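Keep the viewer open as you go.

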Amino acid sequence: MTPRGVALLGSTGSIGTTALRVLARHPARFRAVALTAFSNAALLAEQAASLEPAFVGIVDGGATHPAEWHVGAGCLVAAATHPAVDIVLNAVVGAAGLDATLAALDAGKRVALANKESLVTGGPLVLDALRRGGGELVPVDSEHSAILQCLAGRPASEVRRLVLTASGGPFREWSPERLARVTLADALNHPTWQMGRKITVDSATLANKALEVIEAHFLFGVAYDRIDVVVHPQSVVHSYVEFTDGSVVAQLGVPSMELPVLYAMTHPDRVHDIGTPPFDPVARSPLTFERVRIDDFPALALGLEAGRAGGTAPAVFNAANEQAVALFLGGRIAFLDIPRAIRSALDALGGARAVTRAAVTDVDAAARRHVLEQFRC
């Protein structure tokens with residue numbers, strides 16, 4: 001067996017380091033050909049010394065780094081299109097991952113997509129590149145991996161509903177009055193998953209679930225009115241599908257990203273792996289489900305509104321959210337200012353109907369400026 005070449009975009013982040021653990025258990029199947037990071041030069045250097053990839057890139061080259069490394073945002077596309085790469089695991093945070101996704105699909109690669117913003121900001125562009133280049137698009141998010149496994153190749157016409165599960169984040173039981181006093185430490189204290197800071201805040205606001213609904217719409221060709229969200233605090237049922245005959249198929253497993261990462265690289269096949277403990281339903285019980293408190297977590301409703309509006313409205317939602325979260329992480333705005341910023345940007349900018357790369361770039365920049373101006377930053 002010849003190992004398949006893998007490019008890890010965002011190799012120093014949470015998904016990237018998880019993927020490297022998976023690759024280490026399957027050296028006969030996969031080899032790391034390309035590694036990129038945003039700015040963590042120290043960890044990237046350790047990874048490069050251990051794996052000896054053919055390509056190493058860093059987006060923010062401010063730190064000291066070896067002269068042979070590729071520097072700047074262009075390194076993402078260069079890594080994704082490297083001739084020895086078969087699988088591109090795109091774990092870049094934010095809209096910055098779109099160009100690499102498009103380039104990899106145009107080049108006929110398999111894209112294991114952990115960068116949900118690629119589909120949120122440029123869904124039609126991604127689907128066009130997929131058709132044009134003949135590549136593959138396989139989701140890494142646990143919810144979308146679950147749906148992919150539940151569908152098992154069945155057409156969208158047989159689907160009554162896709163149901164994405166949400167942990168509910170750290171504030172699932174908080175009152176509106178208490179939400180007004182959320183601190184950064186509170187928001188970063190996720191009860192189930194260990195993730196990067198940005199996505200952890202998105203999980204706390206439920207903006208992350210809005211992004212996932214938009215992503216599911218493009219991945220599976222299912223209309224928004226047939227995609228629901230339910231809170232499942234144990235994060236054991238990763239999502240489920242209700243079919244037109246009333247049957248419901250769910251995917252269960254321990255809350256570990258190693259499972260969907262491995263499946264994204266081997267789909268539709270399954271390989272023997274010992275990275276996660278056996279599933280014990282008794283130990284994981286009881287499993288509970290709750291309705292989303294949509295009024296208390298308005299970022300979800302705003303994202304769904306943007307998704308249904310279509311065009312570049314999802315890109316406005318995403319960019320406004322990214323900028324607002326960055327301000328919150330920097331201690332410059334309050335937690336509840338995040339959905340306020342998104343609402344203001346959507347009202348001010350709406351979105352163009354045509355989705356072109358230039359339109360996405362323009363509206364992304366405009367939404368970020370709007371949020372900064374809103375808070376006089």
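Let's start with Ala-152, which is exposed, at a relative accessible area of 62%. Bear in mind that this is a predicted model. Ala-152 sits in the loop between α6 and β8, and its phi is positive, about 50°, even though it isn't a glycine.

- As background, most residues other than glycine have a negative phi, and most peptide bonds are trans.
- Glu-52 is another non-glycine with a positive phi, again about 50°.
- You'll find Glu-52 in the loop between α2 (41–51) and β3 (55–58), and it is exposed, with a relative accessible area of 67%.
- The His-267 to Pro-268 peptide bond is cis, with omega near 5°; Pro-268 is in the loop between α11 (258–266) and α12 (281–284).
- The bond from Ser-285 to Pro-286 is cis too, with omega near 0°, and Pro-286 belongs to the loop between α12 and α13 (298–309).

**Salt bridges**

- Searching the whole structure turns up 24 salt bridges.
- One of them pairs Glu-143 with Lys-209, whose closest N and O atoms are 3.0 Å apart. Glu-143 is in helix α6 (residues 142–151) and Lys-209 in helix α10 (residues 207–220), so the pair ties together parts 66 residues apart in sequence. Both partners are buried.
- Asp-228 and Arg-161 form another, with 2.9 Å between the closest N and O atoms. Here strand β9 (residues 227–231) supplies Asp-228 and strand β8 (residues 159–166) supplies Arg-161, so the bridge links parts that are 67 residues apart in sequence.
- Glu-173 bridges to Arg-172, with the closest N and O atoms 3.8 Å apart. Glu-173 counts as exposed at 65% relative accessibility, while Arg-172, at 21%, counts as partly exposed.
- There's also a network of salt bridges linking Arg-21, Arg-25, Glu-258 and Asp-273.

**The nonpolar core**

- The largest nonpolar core has 118 residues, and those with the most contacts inside it are Leu-9, Phe-171, Phe-220, Phe-317, Phe-335 and Ile-338.
- Which helix gives the most to this core? That's α14 (residues 313–329), with 11 residues.
- Zooming in on Leu-9, its contacts include Thr-36, Leu-76, Ala-79, Val-88 and Ala-100, leaving aside residues up to four places away in sequence.

**Around Asp-337**

- Asp-337 is part of helix α15 (residues 337–349), and it is buried, with a relative accessible area of 15%.
- A polar atom of the Asp-337 side chain lies 3.0 Å from the backbone nitrogen of Ala-334.

**A nonpolar surface patch**

- Leu-252, Phe-279, Leu-287 and Phe-289 make up a nonpolar surface patch of about 330 Å².
- Leu-252 comes from strand β11 (residues 248–252) and is partly exposed, with a relative accessible area of 39%.

Conventions:
Residues numbered from 1 in each chain as written. Predicted model: local features only at pLDDT ≥ 70, side-chain atom pairs only at ≥ 80, totals over all residues. Heavy atoms only, no water. Patch = residues over 30% accessible without salt bridge, like charges linked within 9 Å, V, L, I, M, F, W, Y side chains within 5 Å. Areas by Shrake-Rupley, 256 points an atom, 1.4 Å probe, with all protein chains shown as cover. Salt bridge = Lys/Arg side-chain N within 4 Å of Asp/Glu carboxyl O. Helix = DSSP H or I, 4+ residues; strand = E, 2+ residues; numbered from the N terminus. Buried < 20%, exposed > 50% of the residue type's maximum accessible area, 1.4 Å probe, protein only. Polar contact = N/O pair within 3.5 Å; in protein donor to acceptor, adjacent residues only side chain to side chain. Core = buried A, V, L, I, M, F, W, Y, C linked by side-chain atoms within 4.5 Å. Contact = heavy atoms within 4.5 Å.
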